[in-house]
Amino acid sequence: MSTTSQALPASRATRGVAYYLRVLRVVGAIDFKAKYSDAALGYLWSVVKPLAYFGVLWLVFAHLLRTANQTADFTLFLLIGILLFLFFVDAVSVMLPSIVEGGATLRRLAFDPILIPLSASVAVGITFCVNVSAFAVFAAIQRIEPRVEWLLVVPLLLELGLFTIAVGLLLSALYVRFRDVSQVWELVAQLLFFATAIFYPIGILPDWAQKIAFLNPFVQVMQDVRHVLLGGASGPYDVSADAVYAGYGGRLIPIAIVVVVSLAALAFFRREGRYFAERI
C-alpha cells in the first residue's frame, strides 16, 4: 500500500512541466559545456562566430558600398540582425537531426521525445545570451542609452523563440522520414541570409517584395527589435510590418503565422513521435 502511494506522486512529477524544465536545464548545460570543452578558446568561440560575420559585412557595406550610408546606427543595425539570424539558424540546425542522433536514447528510456530537440536548442539559447554581451559593448561605444522601451524586446524574443522551436520540431520530425531535409535546410538557411534584410534596409525592396518578406516572422521580429533598441526607424528605407501591411492587421499577420506554424508543428511532431523508435 505504501509503495503505491509513493509511486503515484513520482509518476506525476515525471509528467509535469517542472520535470521537463529540469531535464532541459541539465541537458542543455551539459551540451553547451561539451560543445566548447576541447576548444583552445573555450566559450569565446560562441562570440567569435557572430563577430566574424559582423566584421566582414560591416567592412563591405559600411565602407565599400553606399547602402549603409542611408542607415543610421548601421553598426548596431547590422549586429542585431546577425545575432538574431544566427540564433534562429543554429537552433533549427541542431534540432533538425536530434531525433535521429538520439535514437539510442529513445529506445532505452521511456520519456517524451519532444525533450530531445528542445534540449538541443537550449545550448544555442545559452550561446545567444552570451552573444548579447557583444551588442552591449557596441551600444556602449555608440553611446546608446538604455530606455524603458527596451523591455519590449522580451516578448519579441519569446515570439522568435516560439517560431524557432516550431520550425525545429517540424524539421526534426520530417528528418526521421526524409534525410534530404538536412540538405534542403542548409540551402534555405543560406538563401535566408540574403533574403531577410540582415545587412540592408528592407525598404529598398519593391512593395510586393516587402509584403512577401514580412510573411516570415523572423523578419518582423528582427525589424521590431531594431526599432525598439535603436529608437525608431534607422533611415528612410527602414520599415516595419505595420507600415507594409497598413490596413491589413500589420504585425498581427506574421504573429498569426507563428501561432499556426507552432500548432501545426506540435501536432505533426506528436503524431510522428509514436513511430520514431521504429524508424530510426
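Five salt bridges are present in the structure, which is a predicted model.

| Salt bridge | N to O distance |
|---|---|
| arginine 251 – aspartate 242 | 2.5 Å |
| glutamate 272 – arginine 177 | 2.7 Å |
| arginine 271 – glutamate 272 | 3.1 Å |

Arg177, Arg271 and Glu272 belong to a network of salt bridges. Arginine 177 is partly exposed at 43% relative accessibility, and arginine 271 is partly exposed at 45%. In the bridge between arginine 251 and aspartate 242, arginine 251 is partly exposed with a relative accessible area of 28%, and aspartate 242 is partly exposed at 34%.

A further feature is the packing of two helices. The axes of H4 (residues 74-95) and H7 (residues 115-141) approach within 8 Å and cross at roughly 170°, so H4 is roughly antiparallel to H7. The residues of this contact comprise 17 nonpolar, four polar and one charged. Contributors from H4 include Leu76, Leu83, Phe87 and Asp90, while those from H7 include Val124, Gly125, Phe128 and Phe135.

Helix H7 contains 27 residues and spans 40 Å from its first C-alpha to its last, close to the expected 39 Å. Just after H7, arginine 143 adopts a positive phi of about 60°.

Notes
Residues are numbered from 1 along each chain as its sequence is written. This is a predicted model: local features need pLDDT of at least 70, side-chain atom pairs count only at pLDDT 80 or more; totals for chains, interfaces and linings use all residues. Side-chain values use heavy atoms; hydrogens and water are left out. Axes are lines fitted to C-alpha atoms, for helices over the stretch in contact, and angles run from 0 to 180 degrees between N-to-C directions. Helices (H or I, at least four residues) and strands (E, at least two) are DSSP runs, numbered from the N terminus. Angles under 35 degrees count as roughly parallel, over 145 as roughly antiparallel, 65 to 115 as roughly perpendicular and the rest as oblique. Contact means heavy atoms within 4.5 Å. Ala, Val, Leu, Ile, Met, Phe, Trp, Tyr, Cys and Pro count as nonpolar, Asp, Glu, Lys and Arg as charged, and the others, Gly among them, as polar. The expected span of a helix is 1.5 Å times one less than its number of residues. A salt bridge is a side-chain nitrogen of Lys or Arg within 4 Å of a carboxyl oxygen of Asp or Glu. Buried means under 20% relative accessible area, exposed over 50%, partly exposed in between (1.4 Å probe, protein chains only).
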